[in-house]
Each structure stands twice: as C-alpha cells, then as structure tokens.
Amino acid sequence: RAREAATRHPAPPFAPAPVASLAHAPMPMPMPQRPLPRPAENTEHYDTREDNPVRRTREAPVSTFSIDVDTGSYANVRRMLRDGYRPPADAVRVEEMLNYFDYGHPAPASREVPFKVTTELAPAPWNPARQLLMVGIKGYDVDKRELPPANLVLLVDTSGSMDDPAKLPLLKRAFAQLVPQLRAMDRVSIVAYAGHAGLVLAPTPGDRHGEILAALEQLQAAGSTNGGEGLRLAYAMARQGYVEGGVNRILLATDGDFNVGITDRNALLTLVADQRRTGIALSTLGFGSGNYNDAMAERLADAGNGQHLYIDTLDEARRVLVRQMQATLLTIANDVKVQVEFNPAVVAEYRLVGYENRILREEDFANDRVDAGDIGAGHEVTALYEITLAGSGAERLPPLRYGDTAPAAAANSGELAHLRLRYKLPGQDESRLIETPVLRSSLRPQASESLRFAAAVAGYADLLRGGKYVDRWTWDDVERTARGALGEDRFGLRHEFVQLVDSARSVTTADMARGQPEA
C-alpha cells in the first residue's frame, strides 16, 4: 500500500466579499473600513501516492493487486474542475477514474460463478509500439426485486461544518432518493453525530417512507465531530436490526475529520475491521469541500468491505443510490484478488496503471487471511497494464550490463501472460480460483471502443498527475480519443467526461502560465 501521509493543498481563489453601500447613511462622516474576511483554510487530506513504476519482467514477472470498485476520486476531481481549480495530484486515483464507467464486459452465465473475467490486448494510443492489456471483471447482476432484505444504518455527520448547501442539504436530498426504493422487509436506522452521537430513527420498516423522510428532515448542522461515538452507536443499531442472510450495511456520510472522541485513524480502522467480521459492512459517502478528509473516508470503506463514494451533485446521488443500488448494497464476492504472471520471453516490461494502494505481495494472493476488495451485484472492475513486447525497441528501462540474455521462460509458448483470480463467496472462508491464459495471438491491430475510452480516461488521469507515462499525448489527443469512443452513452457520462477534459486543459494551462508546477 502507498505510504499514509496527509497533505495540505492551497484553497481555490475566493472573490472578495462586497462592501455595503453608504449612499443613504444618515451621517456622511467617514466610517472606519473593516478588513475583508479571510478565506477559510483548505485542510483537505489525501494520502500521498507514487505511480506504479515500470517493471522489468525478468526481475519481477508477477503482479498482484486487490480489486477496487470505489469511484469517489472521479466525482471529487469533477467537483474541483467545475470549481475552476486543478486537483492536487494525490486526489487523482486512476483506478477510480476507470471504474466510474461501464465498458460492457461480458456477464457470467449463472450465479454459481459470480463473475466473468475477460481480457483485451491492443496497441497503446500514446505509443503504438507498446500495448495495453485490459482486464475486465463483470459481476452477476441481481434484479432489484430479488434483493434480499436490507438492514441499513444511515450515519450522518451533523457537525457545524456541514452547514453548507453542498453538504447536509445535499446529503438529505441524496438519501431521500434512496427511500422510495425501500421495502417492508427492509429496516432503516438513522444516527447523527456532532459533539455527541444521537439516535434519530430506531430500526424502522423500509416501507414507512413518510417516517424515514421526516427523520431525515430533522437533521441540523451544529457542533464538533465525534465520529467515533457515532460509529459505535451505528454498529449497535446495525446489530439490533441484523438480518441473517441479508444486507447489513452502514452508510457513513461526512465532509471531514473526526475531531473529538476516537480521532486516531488506526483505532477507527480497527473498530471497523472488527465489526466487518460480524457481517456488518461500511461504505462512505463524501460531501463538500474545504475540510474533506478523503484519506480517512477511503481507508474506512476499505476496512469495512464497502465502497468509497463522493456525492457532488444530486445526479451522482441518483447514480449510486438508485441506478446502482444493487451494486452499492449487495456484495456477491469477497476478497477478490488479481494476479498476472508475464512471460519474460514475450514481455520485456509492464506497468500496472493505478491501484497503487491496492498492491499485494505475491504470497498474499493465496493467503485467505489477507483482506482484499469486494464486488457488488452487477459491478464492473477494469484494470489496465501497459506492456512492452520483447524485441520491440520501445523499452523504457535501459538494458542491464549483466542481465540474463536468455530467460528461462518458454520462448516458443504462445502465452503472453497468465491471469489468476481468487475470490470468496459471501460467508465462506476459503477462496476459489479462476485461471485464464492471455495469448499473444489475441493482440488486435486496433483497440475496441471500450479500450479506447478506457485509454482516454487513463490518459486524462495521468495528465492531471503530471503526464509522466503518456509520452507526447496531449489534452487534444485525450479529447479526440474519447470523442471517437462515446458509444451509446445512455446516461451521458462519457459526454460529460469530454467536457471535463476541456476543463482540465484550461486549469492545467493556467497553472503553466502562472509558472506553477505540473502536479
């Protein structure tokens, strides 16, 4: 995992507050001028991360990582670009950008094997001498009518900092969209926390929509942030309403730090990890700006076998709480790990695009005691490797003076790589294994529409982080590639992405004009 270090970033520029007119003042004597209010300090926190390096296959032929279905980084970066400033590099997580979109990966035929694994291999658009390997995982989908009973606890931050239109008011409207989806078999509790935690709604049948909405409407922002106490009360309510064989999940909605009570991150992570073993998952939903603690929200969701999401608009709330309700709430496989072994006779170098804080040691792959990511009903997971074929002349790393010039791998083998995937069915402790070879003959002369769009998203993220791995690719290339791969785009997300590319080009160009660093 990437080292955990909180970073501070300057606040976006604020317009000065207007000075009141004195045209109708009763006394025309000069008045002392009050100083303009200072902009609030931006204390947003992001874990520092370094891009995955290029690996020489002879030295490290095996790559192992945990899947990630979070999308919080994409929506959070969208918020910053729309506000007119460049996101800090550490806020840009490539895998969450990629996994915000669907790529049409084939679905499994039955629920017995809860997902299907596919691969595609084609030239990289920023350098056709290299290739992109796309790994696609598609989860078995479940109709909303077939969802098991859900026991949901809405854990809501009502501290004073939440008194902002993009925070508590948006949070209430977001959860209000979930309420009509709830059924009589479901149970809903609401816990609010500020200086102290309090029970707003005891476990209530899901079809009592009026009661649930009225409880949401009561929420008001005031006080400090005792998230630790709120978590304890939320877990108590989750245990009280526990549904055997159903969905038991806490949805934590917050804008920032836990600044009273249990404030130590490790203590909070231990609390959440202990509770997930009892069958209660935790997902996080971030709101607002200025003091948003992305690092804490992401880590808590990881420890709680849940998703880390960010809600910047009501449309985003509808996407994750209505359209993707099955994937958000119902887990179909636990501890999903991916391992790719590259053939050094065929592949000279490779680089995993993103997933920096999901990297696992090789021995962790078969160790069922090592935690990894979960996948929800109907979820897609997408990962990209940039690879360089042996003898292509496109290697990034210089040749070794004393390197082995005759690798032991089977040079005559048609396999470029071998992909393994491990997962556990919910409630089981022993993992299952899926294996599939990646053949050199599968190399396409041109990438599919899905891979082209995924490449555009990866290029967008890389340029936002400084543009180290896309050679001479520019924002124009990213936009051109994305426009050529819009597809059906039922909900307009790909078209929105093209607009964000234009915003990203504007803010990065402005940074360079001011002489600011690239990232």
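1. Strand E5 and strand E6 (residues 187-193) pair in the parallel sense over seven bridges; two strands count as paired if DSSP finds at least two bridges between them. Within this pairing, Asn151 has Arg187 in E6 as its bridge partner. Helices (H or I, at least four residues) and strands (E, at least two) are DSSP runs, numbered from the N terminus.

2. The model is a predicted one, in which local features need pLDDT of at least 70 and side-chain atom pairs count only at pLDDT 80 or more, while totals for chains, interfaces and linings use all residues. Residues are numbered from 1 along each chain as its sequence is written, and side-chain values use heavy atoms, with hydrogens and water left out.

3. E5 and E6 belong to an open sheet of six strands, ordered E7-E6-E5-E8-E9-E10, with mixed pairing. Strand E7 (197-205) and strand E10 (308-310) are at the edges with a single partner strand each, so one side of each has no neighbour in the sheet. On average, neighbouring strands of this sheet are turned by 15 degrees against each other, direction ignored.

4. The axes of helix H3 and helix H8 (residues 314-323) come within 9 Å and cross at roughly 35 degrees. Axes are lines fitted to C-alpha atoms, for helices over the stretch in contact, and angles run from 0 to 180 degrees between N-to-C directions. H3 passes H8 in a right-handed crossing; a crossing is right-handed if the near helix is turned clockwise from the far one by less than a right angle, and left-handed if anticlockwise.

5. Leu170, Arg173, Ala174, Phe175, Gln177 and Leu178 of H3 meet Leu314, Ala317, Arg318, Leu321 and Val322 of H8, where contact means heavy atoms within 4.5 Å. These residues divide into eight nonpolar, one polar and two charged. Ala, Val, Leu, Ile, Met, Phe, Trp, Tyr, Cys and Pro count as nonpolar, Asp, Glu, Lys and Arg as charged, and the others, Gly among them, as polar.

6. The count of salt bridges comes to 40, each being a side-chain nitrogen of Lys or Arg within 4 Å of a carboxyl oxygen of Asp or Glu. One of them joins the side chains of Asp255 and Lys167 (2.9 Å, N to O). Asp255 lies in the loop between strand E8 (247-254) and helix H6 (265-276), and Lys167 in the loop between strand E5 (150-157) and helix H3 (168-178), so the pair ties together parts that are 88 residues apart in sequence.

7. A second open sheet has five strands in the order E1-E12-E14-E4-E3, with antiparallel pairing. Its edge strands, E1 (55-56) and E3 (115-124), each pair on one side only. Helix H10 (residues 449-464) packs on this sheet and touches E3, E4, strand E12 (347-353) and E14; the direction of H10 makes about 105 degrees with that of E4.

8. E3 and E4 form a hairpin with two residues between them and pair in the antiparallel sense over 10 bridges. Pro123 stands opposite Gln131 in E4. Eight bridges join E4 (residues 127-139) to the antiparallel strand E14 (residues 380-389), and Val135 stands opposite Ala383 in E14.

9. The axes of H10 and helix H11 (residues 475-483) come within 8 Å and cross at roughly 155 degrees. H10 is therefore roughly antiparallel to H11, a term for angles over 145 degrees. The crossing of H10 and H11 is left-handed.

Conventions:
Parallel < 35°, antiparallel > 145°, perpendicular 65-115°, else oblique.
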